[in-house]
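Work through the exercises below with the sequence and the model open. Try each task before reading its solution.

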Amino acid sequence: MGTPGGAGSVEGADDLPEAADRRLGSGSFSSALTVPDFAACLQMGLQPVGLVQGFCVMQWGWYGANSPYMRGASPYAPSGGRGGYSATWQCPHGFVSTEHRMWGQNYEQSWVEAAWAQGFGSAYTRLVEEAHAIGAHGVIGVVDRATHLADMGVTEFHIMGTAVVVDGGPPPPGGQPWTTYLAGQRLAKLVEAGFMPVAVAATMASVRVWAYCVTEYLMEGGSWAWSGGPGTQEVDQIIHAHTAVRRIAREHVRQQLAGDSLQGARLLTSARRLSEGDEVIECTLRGTRVRRVRDADPLPTPRPTVRLT
Amino acid sequence: MSDRTSPSPPPSDLRAEMLEAAKALAGGATGTGRGATSDLSIDETLLLHAAGWEPVDLVCGVSVASVPYGVWNWGQGEIVSASESHNLAVSAAATRLREECAHAGGRGVVGVRVEIEVDPHHVDVELTGTAIRPLRASPGKGQAADPFVSDLSARDFTLLQSAGWAPVGLAFGAGFVYSPRRTAGTALRQSGQNVELTNFTEAMYSAREQAMERMQRSAIAMGGQGIVAVQVTEGPMGFARHAIRFAAWGTSVRLQGSSHQYVQPQVVLPLDDVVVAFEAESLRGQ
């Protein structure tokens, strides 16, 4: 599920706290840039105008016992969510017992992805709104984090960056500031290479694995009994889920790119094991969406050097 | 590399370039075609561009291989099933990474991030990197019959290429071994003495050699002549302290021409002083 990162509208998101208005209107600027990044920023003709940020605290109830998105009643039914990835595995043994897992299913948890996108998107929209409010053209050096508050079932999304104005530059398209994770020399190199940042792009994919008997046995060390061979084999259902969650995350971010490129991507995956074979796999993908605005010749071939120090 | 070095370009006007880029964005410039996705830094991207390559897509290869029940119980010698699981998972993940690269139209994958987790009942392997292709290569898919896979950074890849070598693939080898036991009598006799525990030495020596031998065998199998940037990890398993894992991997390389190309680095004598860190203790006169 893509987030509104880069495509979100600042109009209608007038929900900033009063303190934010007072801070942004105080007449001085603040910046999270390091001194070298700050100097590089000025060298590029970018004037820092303020430290901008966005928060969103989300309560997610999708793993609770009463969740409506538990395993489907039939292996032939579509996934619990709305569309998306789904795959089913059938037990090769026939009826063994009522506890025997006769079928298994992997499916994309699109409601989880939507919740993540809503949290990230709301925080991002507030960041852009703050930047817009102080007349910024862009936001550089963006950092974001998602913090799980213990024992409360809630997650806080926090995004912040330094709003800048391009000296003599036109207002950004649609009045919406561009955003980037880059700052300082890395941003300068990007621009010199003929690219311009458009927006931070971030997405999350979630896949739930309901193991069938073979997956359960393999994941609890029962491969010797079932394979009859050397006792080592790949666990197809889990691999399928891991492959799918990464593919989905990349597809979602592709939808945000709209023909642009993703620079400096960070792909992180985590698996939360619920029981042998049953797990939730989540994958987040972040990066800066960049657009080529002019052709650039390759740099001269670098010369290897040895420093006498 | 040094022979083809052109003179440094005049310093660019960053301010003018930034302004020009902002105007182009405001002027409605749009994305063209299918953009690249990459986990390379901007430095690595520019370096690859200078060397004639460009990123295509972020690619992944994953595998999970089962470990049979009971293999971690105390025994002697190598834990064969665990070693087999490890090697199966790694080779399958690398194969999937190559397939994704070929599907994306890449000629190889650089900067592969290797993540291996050993669980009592399964070995999980995740490989993530950026598929690259020569500049101006046809964007058609599936053209690379046998893309290379490398965990070298773009910087190391470029340097390797300029020295006349090419990466072939990731060479892996692993071995698991039980910590050998001593008899009660032997333990008593050795108690309080400076003495080599020869059974430990032999078991661990052998396991290390096995892992590295498997790595070299896999390099030869994929047509490599050597391995660079070898990494070795070892240590007891958290869930079975009597079992020790040895794993070795690196990028298998092959000479492209008839001989190695000497890069002839330029010697540089920097005239800037090394920054001296401030020491808080100096305030106390110490």
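**Exercise 1. Burial and fold of chain B**

Task: State what percentage of the residues of chain B count as buried, and how many helices and strands chain B has.

Solution. 
- Start with burial. This is a predicted model. In it, 42% of the 286 residues of chain B count as buried. The cut-off for a buried residue is 20 or more other C-beta atoms within 10 Å of its own.
- Next, count elements. Chain B holds six helices and eight strands.
- The pattern reads α-α-β-α-β-β-β-α-β-α-α-β-β-β.
- Then look at contacts with a separation of 6 or more. In chain B, 76% of these link residues 24 or more positions apart.

**Exercise 2. The open sheet of chain B**

Task: Give the strand order of the four-stranded open sheet in chain B. Then explain why one side of strand 1 and of strand 4 is left without a neighbour in the sheet.

Solution. 
- Write the order. The open sheet runs 1-3-2-4 in chain B, and its pairing is mixed.
- Find the edges. Strand 1 and strand 4 (148-149) of chain B each have a single partner strand, so each has one side without a neighbour in the sheet.
- Take one pair inside this order. Strand 2 (residues 108-118) and strand 3 of chain B pair in the antiparallel sense, over nine bridges.
- Pick a bridge in that region. Arg113(B) has Thr128(B), in strand 3 of chain B, as its bridge partner.

**Exercise 3. Two helices within chain B**

Task: Describe how helix 2 and helix 4 of chain B pack: which angle, which distance between axes?

Solution. 
- Read the geometry. Helix 2 of chain B and helix 4 (residues 154-162) of chain B pack at about 20°, with their axes 9 Å apart.
- Classify the angle. Angles under 35 degrees count as roughly parallel, so helix 2 of chain B is roughly parallel to helix 4 of chain B.
- List the residues. Helix 2 of chain B brings Glu44(B), Leu47(B) and Leu48(B). Helix 4 of chain B brings Ala154(B), Arg155(B) and Thr158(B).
- Sort the contact by class. The residues divide into three nonpolar, one polar and two charged.

**Exercise 4. The side of chain B that touches chain A**

Task: Say how many residues of each chain are in contact across the two chains. Which element of chain B gives the most?

Solution. 
- Count both sides. 67 residues of chain B are in contact with 69 residues of chain A.
- Name the contributors. Helix 1 (14-26), helix 2 (42-50), strand 1 (53-66), helix 3 (80-104), strand 3 (122-134) and strand 8 (266-268) of chain B each supply at least two residues to this side.
- Pick the top one. Helix 1 of chain B gives the most, with 11 residues.
- Sort by class. This side of chain B has 35 nonpolar, 23 polar and nine charged residues.

**Exercise 5. Helix and strand across the chains**

Task: Are helix 4 of chain A and helix 1 of chain B roughly parallel or roughly perpendicular? Then state in which sense strand 10 of chain A pairs with strand 8 of chain B.

Solution. 
- Take the helices. The axes of helix 4 (residues 184-192) of chain A and helix 1 of chain B come within 9 Å and cross at roughly 65°.
- Classify. Angles of 65 to 115 degrees count as roughly perpendicular, and helix 4 of chain A and helix 1 of chain B are therefore roughly perpendicular.
- Helix 4 of chain A passes helix 1 of chain B in a left-handed crossing.
- List the residues. Ala188(A), Val191(A) and Glu192(A) meet Leu14(B), Glu17(B), Met18(B) and Ala21(B).
- Now the strands. Strand 10 (residues 305-307) of chain A and strand 8 of chain B pair in the parallel sense over three bridges. Thr305(A) has Gln266(B) as its bridge partner.

Definitions and conventions. Residues numbered from 1 in each chain as written. Chains lettered and ligands numbered in written order. Predicted model: local features only at pLDDT ≥ 70, side-chain atom pairs only at ≥ 80, totals over all residues. Buried ≥ 20, exposed ≤ 12 C-beta atoms within 10 Å, placed from the backbone. Contact = placed C-beta atoms within 7 Å. Nonpolar A, V, L, I, M, F, W, Y, C, P; charged D, E, K, R; others polar. Pairing = 2+ DSSP bridges. Axes fitted to C-alpha atoms, helices over the stretch in contact; angles between N-to-C directions. Parallel < 35°, antiparallel > 145°, perpendicular 65-115°, else oblique. Left-handed = near helix turned anticlockwise from the far one by under 90°.
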